Amino acid sequence: MFAAVWLVYLLAALPFVADRLKTGAWPASALSLAVDAVMSGAILSVILLWRSSRERELRIDGLRKTLNEAIIHDLKNPMTSIMGCLSCILQDSPDAPRERKLLELALHSCRSQMALLETLVDTSRIEHGELIARKKLLPLRELLAEILDDTRGAAAHLGVNLKESIAPDLPDTLYADAELLRRILSNLIHNALKYTSAGGSVSLAIDFHDGDFRFDVKDTGIGIPAQHIRKLFEKYYRVEGSDQSTRRGSGLGLYFCRLAVEAHGGKINVSSKTDSGTTITFSIPRFSREEHSS
Amino acid sequence: MTPIGQAPPRKLLVVDDDSTIRTLLFTALHGQYDVLCVPNGTEAPGFIASHDPDLLLLDINIPGSDCYALCEGIREQAARRNLPIIFMTVCEDAAGFFDSLATGVNSYIKKPFEMPRLKKRIESKLKPRPSA
């Protein structure tokens, strides 16, 4: 395109050059044509440079995303072998308390690594603007069973009682993004487990009211001081506890939860009292507003 | 060999391109089940035809194999319309599982998984033996 514009100007300049050769002087319009040509060339150069730099950025971004996905894929497969082997030996050695303790420790570290990996995936989704709810009609109870299955191991290891309470009149289906809902609940339950001491409890309660599903994740943990509550769902915000070495986080989990709940047209809130525990509540409509009205 | 009077173990077919995962699943499950393993979706139909498994554990992300097409192919056979299929995946997109329901997948388990969970899932999906 750039070359074509210059060619047009060159062809337009030919009669003026011929005139110059004939009369020995440049006509006034030749100067205007030359200025036009230089200006157009400069503007085009800027546009083309910007476009090529933007294309390069997009290409690098795409490559980075592909690389991230490949790394995540290649980390999960070996982790399946490690966690599979550890859990298998653990299950088969009920009478060896020392070995069991060591295996449980190794398995717990694997789960922590996986949680970190999930956080990286969440961060990548947020940064690439991919936090869009791809909603489908989901079998709610089946999905909840999956999520609770995933968290029981961690709760047992920490000695925390994991309870569930599902309203008997809960509808069978929910219009939501299965993966986002799984990540929201998994994040909230793991967070609650992290801040609850052995002997305490974490409960998940779900009910349905006025067309909205309401999820409550309640723990009997250390609670959140009042000054932190307002900023809790902000990006990279972390509540530094008394035991920072074991309770540190990325500051992305709750931020991700807020964005994911909002992507469903819902709301998320927290109520907490120091040393009395925390309840995080979120609600999402069974159907999106626009679908409900149609 | 199965002792006289005792039912033979149920047959599981594992389809996964990762040899470590195949070895893990074979080692962990073969005492309880008769476990067969194949590394890709191309060999699976032949194994299914010749061994008639009771359940299929299928990794959906096998390079070069269209596992959705494999599921559809299985469901098109009248005798295997109800063969339980558990789909194993490292994908973050669980919605893919709900899409795969249309091709006849019964359940899914995300990698990495722990063995008790997988065993529980297998037991819940295996059809009860016909009474004698």
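## A tour of chains A and B

Start with chain B. Along its sequence, the pattern reads β-α-β-α-β-α-β-α-β-α. That makes five helices and five strands. The model is predicted, with ipTM 0.75 and pTM 0.64. Colour chain B by pLDDT: the mean is 83, and 83% of the residues reach 70 or more. Of the 132 residues in chain B, 39% are buried. Now turn to contacts within chain B between residues at least 6 apart in sequence: 57% of these join residues at least 24 apart.

**Stop 1: the sheet of chain B**

Select the five strands of chain B. They form an open sheet in the order 2-1-3-4-5, and the pairing is parallel. Which strands stand at the edges? Strand 2 (34-38) and strand 5 (107-110) of chain B do; each has a single partner strand, so one side of each lacks a neighbour in the sheet. On average, neighbouring strands here are turned by 20° against each other, direction ignored.

Zoom in on strand 1 (residues 11-15) and strand 3 (residues 55-59) of chain B. Four bridges pair them in the parallel sense. Pick Val15(B): its bridge partner in strand 3 of chain B is Leu58(B).

Next, show helix 1 of chain B. Helix 1 packs on this sheet and touches strand 1, strand 2 and strand 3 of chain B. Its direction makes about 175° with that of strand 2 of chain B. Helix 2 lies across strand 1 and strand 2 of chain B, and runs at about 175° to strand 1.

**Stop 2: where the chains meet**

Bring chain A into view. How many residues of chain B are in contact with chain A? There are 18, and they meet 23 residues of chain A. Three elements of chain B each give two or more residues to this side: helix 1 (19-29), helix 4 (95-100) and helix 5 (115-125). Helix 1 of chain B provides the largest share, four residues. Colour the chain B side by class: eleven residues are nonpolar, one is polar and six are charged.

**Stop 3: the sheet of chain A**

In chain A, select the open sheet of five strands, ordered 2-4-5-7-6. Its pairing is mixed. Strand 2 (161-166) and strand 6 (267-273) of chain A stand at the edges; each has a single partner strand, so one side of each is left without a neighbour in the sheet. From one strand to the next, the twist averages 15°.

Focus on strand 2 and strand 4 (residues 201-209) of chain A. They run parallel, joined by six bridges. Pick Lys163(A): its bridge partner in strand 4 of chain A is Ser203(A).

Now show helix 5 of chain A. Helix 5 packs on the sheet, touching strand 4, strand 5 (212-219) and strand 7 (277-285) of chain A. Its direction makes about 20° with that of strand 5 of chain A.

**Stop 4: a helix pair in chain A**

At what angle do they pack? The angle is about 145°, and the axes are 9 Å apart. The crossing of helix 5 and helix 8 of chain A is left-handed.

Show the side chains at the contact. On helix 5 of chain A, select Leu180(A), Arg183(A), Ile184(A), Asn187(A), Leu188(A) and Asn191(A). They meet Gly253(A), Phe256(A), Cys257(A), Ala260(A), Val261(A) and Ala263(A) in helix 8 of chain A. By class, the residues of this contact divide into eight nonpolar, three polar and one charged.

Definitions and conventions:
Residues are numbered from 1 along each chain as its sequence is written. Chains are lettered from A and ligands numbered from 1 in the order in which they are written. This is a predicted model: local features need pLDDT of at least 70, side-chain atom pairs count only at pLDDT 80 or more; totals for chains, interfaces and linings use all residues. Axes are lines fitted to C-alpha atoms, for helices over the stretch in contact, and angles run from 0 to 180 degrees between N-to-C directions. A crossing is left-handed if the near helix is turned anticlockwise from the far one by less than a right angle, and right-handed if clockwise. Two residues are in contact if their C-beta atoms, placed from the backbone, lie within 7 Å. Ala, Val, Leu, Ile, Met, Phe, Trp, Tyr, Cys and Pro count as nonpolar, Asp, Glu, Lys and Arg as charged, and the others, Gly among them, as polar. Two strands pair if DSSP finds at least two bridges between them. pLDDT is the predictor's confidence in each residue, from 0 to 100. A residue is buried if 20 or more other C-beta atoms lie within 10 Å of its own, exposed if 12 or fewer, and partly exposed in between; C-beta atoms are placed from the backbone.
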